[in-house]
Amino acid sequence: MCSSALRCLKTIQSNCLFSLPSFLSFSKRGFSVRSFGTGTHVKLPGPAPDKPNVYDFKTTYDQMYNDLLRKDKELYTQNGILHMLDRNKRIKPRPERFQNCKDVFDLILTCEERVYDQVVEDLNSREQETCQPVHVINVDIQDNHEEATLGAFLICELCQCIQHTEDMENEIDELLQEFEEKSGRTFLHTVCFY
């Protein structure tokens with residue numbers, strides 16, 4: 001695996017909240033990485049838990065930023081959403097939806113079990129064309145700044161270890177078991193095929 005860059009994909013529900021910047025730490029370490037959401041819409045916290053701000057995946061981060069600025073600058077500054085959107089729009093123009101992506105990856109990382117289930121379901125519903133394996137790994141990480149930062153270091157370390165395996169297919173299960181013991185977190189893993 002050492003000879004080529006590991007092609008990673010990181011998925012979260014909306015491809016928007018605090019976990020998105022963690023992919024910067026991947027690219028800084030030389031990984032080819034992209035991030036996607038799996039939801040039907042992008043949902044950001046609203047004025048109340050039952051009143052989220054809902055956007056289509058075609059909406060740019062800049063449009064979301066301006067919409068929330070207009071709705072309640074104080075609220076969305078205080079809860080960090082405006083800062084997050086400002087940072088996200090410097091990373092890429094808009095969220096991307098996993099189900100619309102037909103690119104091939106070696107590794108897909110999820111940070112929430114329901115997102116893992118959505119990714120596996122989508123991959124298994126696609127017609128297999130190349131039979132190239134893709135490893136789908138989940139480790140639950142709360143979507144807040146502190147957990148996202150800690151989770152990014154953990155996932156980056158895992159990817160570095162995978163990158164340096166001689167035979168990813170035969171070594172990944174043992175590697176994941178080591179990471180479970182080391183981190184105290186449970187990892188889910190399955191192999192799907194393109």
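Contact here means heavy atoms within 4.5 Å of each other. With that in hand, you can see that Thr186 touches Asn138, Val139 and Glu180, leaving out residues up to four places away in sequence. What you're looking at is a predicted model, where local features need pLDDT of at least 70 and side-chain atom pairs count only at pLDDT 80 or more, while totals for chains, interfaces and linings use all residues. Residues are numbered from 1 along each chain as its sequence is written, and side-chain values use heavy atoms, with hydrogens and water left out. Helices (H or I, at least four residues) and strands (E, at least two) are DSSP runs, numbered from the N terminus.

- Two packed helices are described by the angle between their axes and the distance between the axes.
- Axes are lines fitted to C-alpha atoms, for helices over the stretch in contact, and angles run from 0 to 180 degrees between N-to-C directions.
- Helix α2 (residues 61–78) packs against helix α3 (residues 81–91) at about 160 degrees, and their axes are 9 Å apart. That angle makes α2 roughly antiparallel to α3. For the labels, angles under 35 degrees count as roughly parallel, over 145 as roughly antiparallel, 65 to 115 as roughly perpendicular and the rest as oblique.
- The α2 and α3 crossing is left-handed. A crossing gets that label if the near helix is turned anticlockwise from the far one by less than a right angle, and it is right-handed if clockwise.
- On the α2 side, the residues that meet α3 include Tyr61, Met64, Tyr65, Leu68 and Leu69. Their partners in α3 include Ile81, Leu82 and Leu85.
- By class, the contact of α2 with α3 has nine nonpolar, two polar and four charged residues. Ala, Val, Leu, Ile, Met, Phe, Trp, Tyr, Cys and Pro count as nonpolar, Asp, Glu, Lys and Arg as charged, and the others, Gly among them, as polar.

**Helices α5 and α6**

- The axes of α5 and α6 come within 10 Å and cross at roughly 150 degrees. This makes α5 roughly antiparallel to α6.
- This time the crossing, between α5 and α6, is right-handed.
- From α5, the contact uses Leu154, Glu157, Leu158, Cys161 and Ile162. From α6, residues including Met168, Ile172, Leu175 and Phe179 take part.
- Sorted by class, the contact of α5 with α6 has nine nonpolar, one polar and two charged residues.

**What's tucked inside**

- Buried means under 20% relative accessible area, exposed over 50%, and partly exposed in between (1.4 Å probe, protein chains only).
- Which residues of α6 are buried? They are Met168, Ile172, Leu175, Leu176 and Phe179.
- The cover over the buried residues of α6 includes β6, α5 and β7.
- A nonpolar core is a set of buried Ala, Val, Leu, Ile, Met, Phe, Trp, Tyr and Cys residues joined through side-chain atoms within 4.5 Å.
- The largest nonpolar core has 23 residues, and Ile137, Cys159 and Ile162 touch the most other members. Two or more residues each come from β5 (107–110), β6 (133–139), α5 (145–163) and α6. The largest share, six residues, comes from α5.
- A second, separate core of 15 residues includes Phe105, Tyr116, Leu123 and Tyr194.

**Val115 and Gln13**

- Val115 is in helix α4 and is buried, with a relative accessible area of 0%.
- Leaving aside neighbours within four places in sequence, Val115 is in contact with Thr11, Ile12, Gln13, Thr38 and Thr110.
- Gln13 sits in the loop between β1 (7–12) and α1 (22–28). Not counting residues up to four places away in sequence, Gln13 touches residues including Gly37, Phe57, Glu112 and Val115.

**Out at the surface, plus some backbone angles**

- Thr186 lies in the loop between α6 (168–183) and β7 (187–193). Is Thr186 buried or exposed? Thr186 is exposed, with a relative accessible area of 58%.
- Arg90, in helix α3, is exposed too, at 60% relative accessible area.
- Just after α6, Gly184 takes a positive phi of about 75 degrees.
- Most residues other than glycine have a negative phi. Cys131 has a positive phi, near 60 degrees. Cys131 lies in the loop between α4 (113–125) and β6 and is partly exposed, with a relative accessible area of 46%.
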